[in-house]
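Reader: I have a structure open and would like to learn how to read its features one at a time. Could you take me through them slowly?

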Amino acid sequence: RSTAQHTTRSSRTGPSRTRENPLEPHKAKEKRESERESKIGSTMSPATDPLTAAVPEATSPAADAPTPTSETTTDSTALPADAAPGPAAGEAAEEIPSSPPQLPLDEPGCPALMMFGQDHNDLLGTVTPQRLAMLNCSLSERMGVSSVGMLGREQSQGQLGLSYQTRLGVLKAELLTNGIVQTTLEGLQPLPFMQITTQAAFVKQGLAMGGLQTVCMTPVGFLMGSVNLMGQMSCEFVSGAPAGDGQVMFGAHVWGFPGIYGGTKAALEWTRPVLDEQGEFTGRLSAITLACTRPRKEFEGVSTVSLTAANRMSETNSVLASIERNAQGNIEMAVGGSGLVRPGMRMRGRFTTKGVLGMALELPTEKSNLTLSMEIGSDGREPKFGATVQLSP
């Protein structure tokens, strides 16, 4: 028999889906049994909780995929174990199918392999227009306050946070404009080679979401595992080895649900830093990164593959190039770079074979940074403009 549960799907795990209620034939049978028992004086009153949903027992994780929709499915009927009638004599018990948890189609639900392709990711994030304001201020040696505001076309979002350094780690509390209170404990070290980060989000009704992340250092690299209250899990391993004057790093990220494979993302990167006579990093660096993402076999598409190359001539000047095949099989190439116009002013840009040009002007100072960005395309799209302000008084 099914147990009362409530299933909530996050926007990060892909679109929500609905399907016909598999309990309908079972309910009709129970109704007939109830009418028969009422004639002999027995009564049956199934418990109904509007805050819970009945979820049938899992029979096979490879159930048919439901039809996509923009709403979340809930079934508020639950049958107590003592009141549910059993199958009639000589009749086999009905097997109730269940749908597997919804998995992201092409990306994991948490950041993956963020150490790879840092120059390319930084350039792409800078030239993408966004209207964002950030403030970070230290109230004391252990306490700090931060705020983030983002202005969107349809809606705006804000966040106000407070952090405090404790003996166990950094404790954070953040309030979002939608009424969610998020708490985080970072840097908890139960063992010298292990760090744990916990996160919980609360709404007016109670706990809405939570997650746990663990990082373990091993002799050959570091291993990171993540899990949230929806049951989504991921495991990531990163290792490196010297290769002549440079270094080679390899990383693999696997995600899914218990018993259900979601996908794999792997990356291979070669870097060659330039050091001075004292062995200090001069800011000059060359890097080549190869990355591939392969979702589960039910995904209708091809593996995403990208190859990027970056060359830093100095801390402010760099040149980048990339080629990528997306999930639809289309090939896109891009070139970009950064250059110092004058002290305190840097220009960054990126152009793709689709005719999209992104430009950004950075004005950094000692305690602030202002970035003005725009994006135009040759396909008739409207130009986009953005500004990012960062303050650290």
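Predicted model: local features only at pLDDT ≥ 70, side-chain atom pairs only at ≥ 80, totals over all residues.

Reader: Let me begin with the strands: how many bridges join strand 20 to strand 21, and which way do the two run?

Author: Strand 20, made of residues 345–352, and strand 21, made of residues 356–364, run antiparallel and are joined by 6 bridges.

Reader: What does strand 21 do with strand 22?

Author: Strand 21 and strand 22 also run antiparallel, here with 9 bridges between them, and they too form a hairpin, with 3 residues between the strands. A pair to look for is E362, which has T371 of strand 22 standing opposite.

Reader: Next, the helix: which residues of helix 2 are buried?

Author: The general idea is that an α-helix has 3.6 residues a turn, so residues three or four places apart point the same way. In helix 2, which spans residues 118–127, the buried residues are D119, H120, L123, T126 and V127. Because these residues cover an arc of only 135° around the axis, they lie on the same side of helix 2.

Reader: How many salt bridges does a search of the whole structure find, and what is the partner of D119?

Author: The search of the whole structure finds 7 salt bridges. In one of them D119 is paired with R312, and the closest N and O atoms are 3.0 Å apart. This pair links distant parts of the chain, since D119 belongs to helix 2 while R312 belongs to strand 17 (residues 304–312), 193 residues apart. R312 counts as partly exposed because its relative accessible area is 23%, and the cut-off for buried is under 20%.

Reader: Where in the chain do the partners R348 and D122 lie, and is each of them buried or partly exposed?

Author: The side chains of R348 and D122 meet in a salt bridge, at 3.0 Å from N to O. R348 is in strand 20 and D122 is in helix 2, so that this pair, too, links distant parts of the chain, 226 residues apart. With a relative accessible area of 4%, R348 is buried, whereas D122, at 41% relative accessibility, counts as partly exposed.

Reader: Which residue forms a salt bridge with E375, and is E375 itself buried or exposed?

Author: The partner is R381, and the closest N and O atoms of this salt bridge are 3.6 Å apart. E375 lies in strand 22, residues 368–377, and is buried, with a relative accessible area of 16%, while R381 counts as partly exposed at 34% relative accessibility. Salt bridges that share partners also join D122, R346, R348 and E362 into one network. Leaving aside neighbours within four places in sequence, the contacts of E375 include P129, V356, L357 and R381.

Reader: Turning to the nonpolar cores, which residues make up the largest one?

Author: The largest nonpolar core has 7 residues, namely L113, F116, F222, V238, M249, A267 and A291. Apart from that core lies another, of 5 residues, among them L123, V127, A310 and A360.

Definitions and conventions:
Residues numbered from 1 in each chain as written. Heavy atoms only, no water. Helix = DSSP H or I, 4+ residues; strand = E, 2+ residues; numbered from the N terminus. Buried < 20%, exposed > 50% of the residue type's maximum accessible area, 1.4 Å probe, protein only. Contact = heavy atoms within 4.5 Å. Pairing = 2+ DSSP bridges. Arc of directions from axis to C-beta. Salt bridge = Lys/Arg side-chain N within 4 Å of Asp/Glu carboxyl O. Core = buried A, V, L, I, M, F, W, Y, C linked by side-chain atoms within 4.5 Å.
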